[in-house]
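I opened a new page for this structure. These are my notes on what I looked up, in the order I looked.

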Amino acid sequence: MSSDSVLLLETVHFAAEKHRDQRRKDPEETPYINHPIGVARILSHEGGVTDVEVLQAALLHDTVEDTDTSPAELEAKFGPIVARIVQEVTDDKSLPKHERKRQQVEHAAHCSRQAKLVKLADKLYNLRDLNRCTPVGWTGERVQEYFMWSSEVVKGLKGTNLALEEKLEQLFKQRGLHL
């Protein structure tokens with residue numbers, strides 16, 4: 001087995017352990033780990049991304065934000081580049097939600113290319129999921145607001161990966177939004 005395969009399997013295992021008790025907010029309460037795996041798959045299969053550190057960061061992108069994982073733990077286990085990418089896409093949960101959302105829009109254009117790739121795939125996964133089903137407790141209006149906010153974030157990520165950006169553009173057009 002190649003060393004890249006070993007690294008990716010170790011990363012999937014770590015993420016699965018960290019997210020093991022978490023569920024998505026869809027009516028089926030699908031296992032949360034499906035999300036980071038799906039984000040990494042979008043990068044590799046649809047975005048043509050082969051950079052193992054970007055794929056690892058995609059698998060780990062919610063561990064610091066949503067589990068007891070620390071940036072230092074990621075750096076010790078996966079190295080400084082993966083830890084930095086994850087940190088770039090991690091919201092500060094001590095801030096109010098509206099401020100976190102504002103910061104995502106503001107910071108998108110200033111992220112590294114690696115972090116922008118993870119953000120593009122994360123947005124694509126989440127928007128597809130919203131089109132598939134409405135999360136428990138969400139209204140149609142809230143879903144549309146999420147699409148509008150996401151389009152503002154994605155504007156700051158343009159010029160990173162044409163294939164992913166075109167897929168996002170299609171989703172936004174279906175909602176009457178333009179980048």
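**Notes on a predicted model**

I started with Asn126, which sits in helix 8 (residues 113-132). The model is a predicted one. I then listed its contacts, leaving out residues up to four places away in sequence: Asn126 touches Arg24, His35 and Tyr146.

Next I looked at the cysteines. Cys111 has 12% relative accessibility and counts as buried. Cys133, at 14%, counts as buried too. I looked for disulfides and the count is 0.

I turned to the surface. Leu9 belongs to helix 1 (residues 3-18). Leu9 has a relative accessible area of 51%, so I noted it as exposed; the cut-off is over 50%. Together with Met1 and Val6, Leu9 forms a nonpolar surface patch with about 350 Å² of accessible area.

Last, I took the protein chain as a whole. I counted 10 helices and 0 strands. How does its radius of gyration stand against that of a compact globule? A compact globule of 179 residues would have a value near 16 Å, and the protein chain agrees with 16 Å. Along the principal axes, the C-alpha atoms fill a box of roughly 45 × 35 × 30 Å. Of the 179 residues, 48% count as buried. Among contacts between residues at least 6 apart in sequence, 68% join residues at least 24 apart. The protein chain exposes about 9,100 Å², and carbon and sulfur atoms supply 51% of that area.

Definitions and conventions:
Residues numbered from 1 in each chain as written. Predicted model: local features only at pLDDT ≥ 70, side-chain atom pairs only at ≥ 80, totals over all residues. Heavy atoms only, no water. Disulfide = S-S within 2.5 Å. Buried < 20%, exposed > 50% of the residue type's maximum accessible area, 1.4 Å probe, protein only. Patch = residues over 30% accessible without salt bridge, like charges linked within 9 Å, V, L, I, M, F, W, Y side chains within 5 Å. Areas by Shrake-Rupley, 256 points an atom, 1.4 Å probe, with all protein chains shown as cover. Salt bridge = Lys/Arg side-chain N within 4 Å of Asp/Glu carboxyl O. Helix = DSSP H or I, 4+ residues; strand = E, 2+ residues; numbered from the N terminus. Contact = heavy atoms within 4.5 Å. Rg over C-alpha atoms; globule rule 2.2 N^0.38 Å.
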